[in-house]
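Hi,

Here is the model I promised to pass on. Have a look, and my notes follow below.

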Amino acid sequence: MAVRAVVVEADGGSRGNPGPAGYGAVVRDRDSGEVLAERSEAIGTATNNVAEYRGLIAGLEAAAELGASEVEARMDSKLVVEQMCGRWQIKHPGLRPLAAQAATLVDRFDSVRFSWIPRERNKHADALANAAMDAAAGKAVKRVEAQAPREVAAPDSPARTAAREAAARAATRTAASDPATVKPSWEPRPSFTATRLILVRHGETEWTVQQRYAGRADVPLSDAGRAQARATAVRVAQLAPSVAAVLSSPLSRCTATAAAIAAALGNIPVRRQDDWIECDFGDWDGRTFAEVREGWPGELDAWLASTRIAPPGGESFATVAERTARAVAGLREAYPGETVVVVSHVSPIKLALRDALAAGDDFLHRLYLDAAGISVFDMWPDGGVAVRSVNDTAHLAAR
């Protein structure tokens, strides 16, 4: 019978770093602590980090085979935990394909939470990894004894009751903000009670025409881009004669576009907001798409395969999504029943639209956003969303 929630404990080691390496993984029932599966293997010569990722992958695969839908992955590798959470960059090229494989497995579950634990709390997985390395070296292998379940509260204990109450509160918060949890309805909602978000991609730059990655580099608008900004300003004024605020990424290609829009709306002040800045493309910034494909083929494939993978020296889409979602939620709370214009970049706008449509990550690669294109959606306090337009370019001259 499938289990709903499990804990994966994973570890890996190398005797030499690089040297003979192996991994171990344990899957436990989250509530009882019972061991449901064990995985271990010697993997030849590898580094500690490679072995640790292999352990995580094996543990996630075992959890998927058990039919789990919720996973808490515990490891004593700070590096793997932070990289899988998108907080640390994956600089070593040998780890990126493994991180991409792990991220693909993560997407098979309803939820996965990563947490770091001290080594002494990961003894079972560590023992499995060492046993695998010993066996590969021809040494006698001791049977790995399963540790007793740890800190599992009784069904009616105060701790379990508190946990249920916390989960209920979390579910209530989610239902009030996540469009995927709002009860479906075919009935139109009154737009005057919604926060309307008008998302504008900045006007064209020279890098836009040259098809270069433009992340944190402050590339100015071209002459064509300035003309687009003026045309976009007229269109936004037609869409929303009354606007409560104009926000912009701090980069000049956005602030210049926002300034044109603000002028058309009666010289509303432009407020810069860092959460709307473009994804940091790291070493790829300023490179053409073709140059990146030629110079970083493996890294590019890994990046395209998972939003949790960052470009070398850059930022993952998962990290961009966190700050974009934070910015959108803040606008919904700060401007109920009002219209807000945000001038930003491809990545934040795509991620905001993905979340508004409750779409998957494939959406990011199937949506095209033109320079100076306009997208509009409404948000209600209960988390309801209505997307009204995507990449409107009717105001731009035909090219």
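In what order do the six strands of the open sheet with mixed pairing come? They run S8-S7-S9-S6-S10-S11. The edges are strand S8 (270-272) and strand S11 (385-392), each pairing on one side only. From one strand to the next the twist averages 20 degrees.

Before I go on, some ground rules: this is a predicted model, where local features need pLDDT of at least 70 and side-chain atom pairs count only at pLDDT 80 or more, while totals for chains, interfaces and linings use all residues. Residues are numbered from 1 along each chain as its sequence is written, and side-chain values use heavy atoms, with hydrogens and water left out. Helices (H or I, at least four residues) and strands (E, at least two) are DSSP runs, numbered from the N terminus. Two strands pair if DSSP finds at least two bridges between them. Axes are lines fitted to C-alpha atoms (for helices over the stretch in contact), and angles run from 0 to 180 degrees between N-to-C directions.

Back to that sheet. Strand S7 (residues 245-248) runs parallel to S8, joined by three bridges, and Leu 247 has Arg 271 of S8 as its bridge partner. Helix H11 (residues 317-334) lies across strand S6 (195-201), S7, strand S9 (339-344) and strand S10 (374-379), at about 140 degrees to S6. Helix H12 (residues 346-356) lies across S6, S9, S10 and S11, at about 145 degrees to S6.

H12 is worth a click. Of its 11 residues, 10 are buried (under 20% relative accessible area; exposed is over 50%, partly exposed in between, with a 1.4 Å probe and protein chains only). Lys 350 and Arg 354 are among the buried ones. The buried residues pack against S6, H11, S9, helix H13 (362-366), S10 and S11, contact meaning heavy atoms within 4.5 Å. Just after H12, Ala 358 has a positive phi of about 50 degrees.

Now the other sheet. It is open too, with five strands in the order S3-S2-S1-S4-S5 and mixed pairing. Strand S3 (35-46) and strand S5 (111-116) are the edges. Helix H4 (residues 123-136) packs on this sheet, touching strand S1 (5-14), strand S2 (19-29) and S3, and its direction makes about 140 degrees with that of S2. Strand S4 (residues 70-75) and S5 run parallel, with six bridges; Ala 73 partners Phe 114 there.

How many of the 10 residues of S1 are buried? The count is 10 of 10. Glu 9 and Asp 11 are among those pointing one way, while Val 6 and Val 8 are among those pointing the other way. Val 6 is bridged to Val 71 in S4 and to Asp 29 in S2. Four residues separate S1 and S2 in their hairpin, and Gly 16 in the turn has a positive phi of about 140 degrees.

Last, a helix pair. The axes of helix H7 (residues 223-239) and helix H8 (residues 252-264) come within 8 Å and cross at roughly 40 degrees. That makes H7 oblique to H8 (under 35 degrees counts as roughly parallel, over 145 as roughly antiparallel, 65 to 115 as roughly perpendicular and the rest as oblique). The residues of this contact divide into seven nonpolar, two polar and one charged, where Ala, Val, Leu, Ile, Met, Phe, Trp, Tyr, Cys and Pro count as nonpolar, Asp, Glu, Lys and Arg as charged, and the others, Gly among them, as polar.

Cheers
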